[in-house]
Amino acid sequence: MTEHNQSKSFEDALSALYSSTHQSVTKEAIKKSSLRRTLTIQDMREYLKRLSLDLPHDINIIHIAGTKGKGSTACFCESILRRRYGLQTGMFTSPHLVHIRERIRINGKPVSKSVF
């Protein structure tokens, strides 16, 4: 893949993430968006398959839900797992704080533009 194609792919990813599909703001849009999320575990398995990540079924996953503090809690857990237990980690959070690639981190580091 050329640098130009990587940049275009990155820009395409940004456009998709900032589209109305991912950024629901009205009550109706939020409700419609929530109806799409009925198969999230199956969806995640499909995404991993697309990335050619054949993960074992007994993989340990921490899913953090709620209205406040999910990002901070995820970062805290991820840091403990890496630093205290020496585990390899992957983390997805949304929204990002500064740079969009912060959303996906492998072992505490944001993914590169080409991976994103």
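In what order do the strands of the open sheet stand, and is their pairing parallel or antiparallel? Before selecting anything, note that this is a predicted model, in which local features need pLDDT of at least 70 and side-chain atom pairs count only at pLDDT 80 or more, while totals for chains, interfaces and linings use all residues. Residues are numbered from 1 along each chain as its sequence is written, and side-chain values use heavy atoms, with hydrogens and water left out.

From the N terminus on, the elements run α-α-α-α-β-β-β.

Next, select the strands, which form an open sheet of 3 with the order E1-E2-E3 and antiparallel pairing; two strands pair if DSSP finds at least two bridges between them. Strand E1 (90-92) and strand E3 (109-110) stand at the edges, each with a single partner strand, so one side of each has no neighbour in the sheet. Now select E1 together with strand E2 (residues 104-106), and there the two run antiparallel, joined by 3 bridges. Within this pairing, glycine 90 has isoleucine 106 of E2 as its bridge partner.

Then move to arginine 84, which lies over the face of tyrosine 85 at 5.3 Å from the ring centre; such a placement requires NZ of Lys or CZ of Arg within 6 Å of the ring centre and within 35 degrees of the ring normal.

Finally, show the surface of the protein: of its 116 residues, 16% count as buried, meaning under 20% relative accessible area with a 1.4 Å probe, protein chains only.

Notes:
Helix = DSSP H or I, 4+ residues; strand = E, 2+ residues; numbered from the N terminus. Buried < 20%, exposed > 50% of the residue type's maximum accessible area, 1.4 Å probe, protein only.
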